[in-house]
Amino acid sequence: MCLMMPGRVVAVDGQICEVETSGQVDRASMMLEPDLVVGDWVLVNSGTVVRKLDADQAEEMSRAFGILFAAPEEEPVAAEAAD
């Protein structure tokens, strides 16, 4: 399953850009958004920039993904009652 993720363009080379998402840099096609520049926020799916985002949209989406995919806090194990 592929998820659309927000990221920031860190390099542009022709119709390919490098996008940093959650600390990882991946290459993505700019076929649908050909006028991107370094610093733009984008939505990436399956190696393709789907659309350009404004900073507020990117922040909101990043926060939502952080909540959805955060590791659950460990619950303390209840001690069994001695018989």
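Let's start at Glu 59, which counts as partly exposed because its relative accessibility is 47% (buried means under 20% relative accessible area, exposed over 50%, partly exposed in between, with a 1.4 Å probe and protein chains only). This is a predicted model, in which local features need pLDDT of at least 70 and side-chain atom pairs count only at pLDDT 80 or more, while totals for chains, interfaces and linings use all residues. Residues are numbered from 1 along each chain as its sequence is written, and side-chain values use heavy atoms, leaving out hydrogens and water.

The side chain of Glu 59 meets that of Arg 63 in a salt bridge, 3.3 Å from N to O (a side-chain nitrogen of Lys or Arg within 4 Å of a carboxyl oxygen of Asp or Glu). Both residues sit in helix 1 (residues 55-69), and they are separated by about one helical turn because they are 4 residues apart. Helices (H or I, at least four residues) and strands (E, at least two) are DSSP runs, numbered from the N terminus. Arg 63, at 49% relative accessibility, is partly exposed too.

The structure holds 2 salt bridges, and one of them joins Lys 52 to Asp 40 at 3.6 Å, N to O. This pair links distant parts of the chain, 12 residues apart: Lys 52 belongs to strand 5 (residues 48-53), and Asp 40 to the loop between strand 3 (24-29) and strand 4. Lys 52 is partly exposed at 40% relative accessibility, whereas Asp 40 is buried at 11%.

Now turn to Ala 28. Leaving aside neighbours within four places in sequence, its contacts (heavy atoms within 4.5 Å) include Cys 17, Val 19, Val 44 and Val 49.
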